Amino acid sequence: MGQGSSSSSWNPGNDGVRITVVDAESGAVASSPVDFSNRAQPGGLLHFGRVSKLDYRSGRALAPGSGTYTSIKPANAMPTIIRSSGGSNNIEAVKKYFCSEYAVRMVSDNTGINYDSLISGKYKLLIEPLAYFKYNNVQYCFSATEAALYDQKANGDLRSKMSSLSHQNLPLAMFLQTSDLGFTAWGGAKSGKQSNADIINYLGLGIVRFKELPPVTSEIDAPDVEYRVNTDVITAVTLTTNRDLTPDNPASVTFYIGGHSYRVNNIVIPGGDSQVVWVKWHTPASPQRMNIQVSVSGAYTAKTDFTASIVDLNELIPPDPLATDTYPGYAVPPLPSHPQKTTAHWGVWSCYWVPVWVWCDHSTEENPGAGHWVDEGYWEFDYTGYSASITGSMSLMPDDIVPTAQGKRMKSGYGVKTDVSVTLSTNAPSGHFTYTQTAFSVFPEFQYKTYLRLLERTSGGKGAQFTFKVNDFSTRDRKVHFSPVWFPDRAEYRIYTQVWDTWTPDGMLSVNVSDYVSIDGSLFDDWYTNRE
């Protein structure tokens with residue numbers, strides 16, 4: 001999360017949910033809360049009992065739970081609940097999962113409430129995100145509410161060490177858009193560190209209401225990994241272990257992809273912790289679905305078999321612009337708002353031996369002073385954190401041959417050129433990332449839909465640059481896009497570009513950029529007839 005240490009750290013994906021069935025009419029708790037996690041959690045971690053946000057609101061004090069901690073691992077894995085730094089948790093996938101028949105039956109099976117009764121409208125589901133992480137060398141399970149209550153007791157110590165998780169990504173993983181069960185909808189910031197009071201009162205919860213039957217489905221469609229054709233990518237899994245993995249007994253991972261095997265050996269991880277393990281490979285040149293299998297020795301990973309969808313980012317070139325084109329009633333549309341991931345964080349464990357020499361005495365009367373030295377040392381672990389970030393910029397200008405352009409001002413109907421620059425910054429070795437590979441633009445005259453143009457990469461490395469390809473409709477083979485002749489005067493003609501395919505062990509980095517030229521008049525204003 002950008003501020004961890006060997007004694008206080010969290011690994012992305014080590015999350016879960018606490019689900020409580022609530023009486024829809026009275027708001028009373030109707031079942032003991034149940035915790036679900038995609039990973040097997042150690043029974044000895046410190047927890048506070050399975051206590052719901054409703055109970056804490058009613059005045060229950062935070063207190064360490066007694067006994068072994070237990071959570072349930074769903075047969076069909078849950079989507080990411082808590083985003084990593086710069087990542088996303090795909091709230092639509094979360095909604096789809098917990099509103100599905102599969103998830104509701106899972107709750108029914110583990111709470112003892114009949115499924116038909118559960119979906120009848122008598123009940124609601126209160127869902128709270130959970131984070132499993134190490135704090136001051138102790139492994140904890142916290143709901144967002146518990147983290148805030150704990151931080152109050154610890155005089156801000158938890159926030160000082162784990163705030164990006166405990167006071168940002170955990171509480172903001174779920175919040176209400178509509179007030180329910182006496183909790184007010186959250187109208188505050190969707191990012192940034194939150195106060196303990198706001199977390200306790202507003203954040204870290206979702207509610208499922210049953211107004212109609214859940215969609216019937218036998219399986220949850222786990223999100224497929226999607227890659228572009230002919231692209232360098234990284235496929236990663238997270239290994240977890242309950243025992244120390246050292247050079248004496250390391251773990252290994254083998255990826256089976258497209259008829260090839262990629263083996264990663266000598267993986268060391270301290271017990272109770274985890275690490276991302278990855279392979280960098282190149283996708284096929286044609287679209288297809290590929291099964292990726294992962295074999296693990298010495299540790300555990302939540303998913304070992306999944307499907308990669310290799311897709312062709314189909315360029316749909318806009319039609320030839322004509323002088324007779326019109327668009328009555330056209331209004332300039334707002335820019336799209338697509339998610340982007342501009343930072344990534346991951347790390348690798350290493351291990352070294354700390355010798356502790358002890359004299360083993362074999363002295364006897366006949367042989368005084370006999371003995372030998374024995375090394376009773378131990379393995380010590382170090383965690384090296386890595387990060388990567390991308391920044392992008394776009395310059396849109398009139399084509400160099402536009403006769404009446406003045407700076408960024410031009411008449412409609414002429415061509416515009418673009419320069420998109422992307423800078424990758426990272427402290428990681430080259431095997432940990434790929435360079436930026438893909439950029440494409442969409443246009444306001446098509447409502448930023450339907451048509452797109454793939455850009456040409458003119459330079460690579462950590463400072464990639466992209467421009468338009470030669471326009472098929474340019475009589476002079478210009479690398480431009482033609483603005484429509486009917487585009488409104490005194491308006492910004494703004495093109496929107498998405499830049500993809502900078503891959504890291506923490507996923508794909510992407511950035512969205514845009515720029516404009518000002519339109520005033522049309523190319524018809526530059527025409528004249530000499531009738532002398």
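Q: Why does Arg490 count as exposed?
A: This is a predicted model, and in it Arg490 has a relative accessibility of 69%.

Q: What makes the contact of Arg490 with Asp520 a salt bridge?
A: The closest N and O atoms of Arg490 and Asp520 are 4.0 Å apart. The cut-off is a side-chain nitrogen of Lys or Arg within 4 Å of a carboxyl oxygen of Asp or Glu, and the pair is listed as a salt bridge. It links distant parts of the chain, with Arg490 in the loop between β23 and β24 and Asp520 in strand β25 (residues 507-522), 30 residues apart.

Q: Is Asp520 buried, partly exposed or exposed?
A: Asp520 has a relative accessible area of 34%. Buried means under 20% and exposed over 50%, so Asp520 falls in between and is partly exposed.

Q: Why is the pair of Arg478 and Asp399 called a salt bridge?
A: Their side chains meet at 2.9 Å, N to O, and the rule asks for a distance within 4 Å. The pair therefore qualifies. Arg478 lies in the loop between β22 (463-467) and β23 and Asp399 in the loop between β16 and β17 (409-412), so the bridge ties together parts that are 79 residues apart in sequence.

Q: Which label, buried or partly exposed, goes to Arg478, and which to Asp399?
A: Asp399 has 7% relative accessibility and counts as buried, because buried means under 20%. Arg478, at 25%, counts as partly exposed.

Q: What makes Glu456 and Lys479 a salt bridge, and where do they lie?
A: The closest N and O atoms of Glu456 and Lys479 are 3.3 Å apart, and the limit is within 4 Å. Glu456 is in strand β21 (residues 456-459) and Lys479 in the loop between β22 and β23, so this pair ties together parts that are 23 residues apart in sequence. Glu456 counts as partly exposed at 30% relative accessibility, and Lys479 counts as partly exposed at 37%.

Q: What makes Val356, Val358 and Tyr378 a nonpolar surface patch?
A: These residues make a patch of about 220 Å². A patch member needs over 30% relative accessible area. Tyr378, in strand β16 (residues 378-398), has 41% relative accessibility and counts as partly exposed, so Tyr378 passes that cut-off.

Q: What volume does the largest cavity have, and what kind of residues line it?
A: The largest cavity holds about 70 Å³ of space. A cavity is counted here at 30 Å³ or more, and there are two. The lining of the largest cavity has two nonpolar, seven polar and two charged residues, among them Asn14, Arg39 and Asp273.

Q: Which element gives the largest share of the lining of the second largest cavity?
A: Strand β3 does, with three residues. The second largest cavity has about 50 Å³ of space, and its lining divides into three nonpolar, six polar and two charged residues.

Q: What makes the second largest pocket a pocket and not a cavity?
A: A pocket is an open set of points, whereas from a cavity the probe cannot get out. The volume of the second largest pocket is about 500 Å³. Of its 25 lining residues, the closest to the centre are Gly413, Tyr414, Gly415, Phe482 and Leu523. The lining comprises 15 nonpolar, five polar and five charged residues.

Terms used. Residues are numbered from 1 along each chain as its sequence is written. This is a predicted model: local features need pLDDT of at least 70, side-chain atom pairs count only at pLDDT 80 or more; totals for chains, interfaces and linings use all residues. Side-chain values use heavy atoms; hydrogens and water are left out. On a 1 Å grid over the protein atoms alone, a cavity is a set of points where a 1.4 Å probe fits but cannot get out, and a pocket is an open set with protein on both sides within 12 Å along at least five of seven lines; lining residues have an atom within 4 Å of a point. Grid points are joined across faces, edges and corners, and a volume is the space filled by probe spheres set on the points. Ala, Val, Leu, Ile, Met, Phe, Trp, Tyr, Cys and Pro count as nonpolar, Asp, Glu, Lys and Arg as charged, and the others, Gly among them, as polar. Patches are made of residues with over 30% relative accessible area and no salt bridge: like charges are joined within 9 Å, nonpolar side chains (Val, Leu, Ile, Met, Phe, Trp, Tyr) within 5 Å. Accessible areas come from the Shrake-Rupley method with a 1.4 Å probe; for residues, only the protein chains shown count as cover. Helices (H or I, at least four residues) and strands (E, at least two) are DSSP runs, numbered from the N terminus. Buried means under 20% relative accessible area, exposed over 50%, partly exposed in between (1.4 Å probe, protein chains only).
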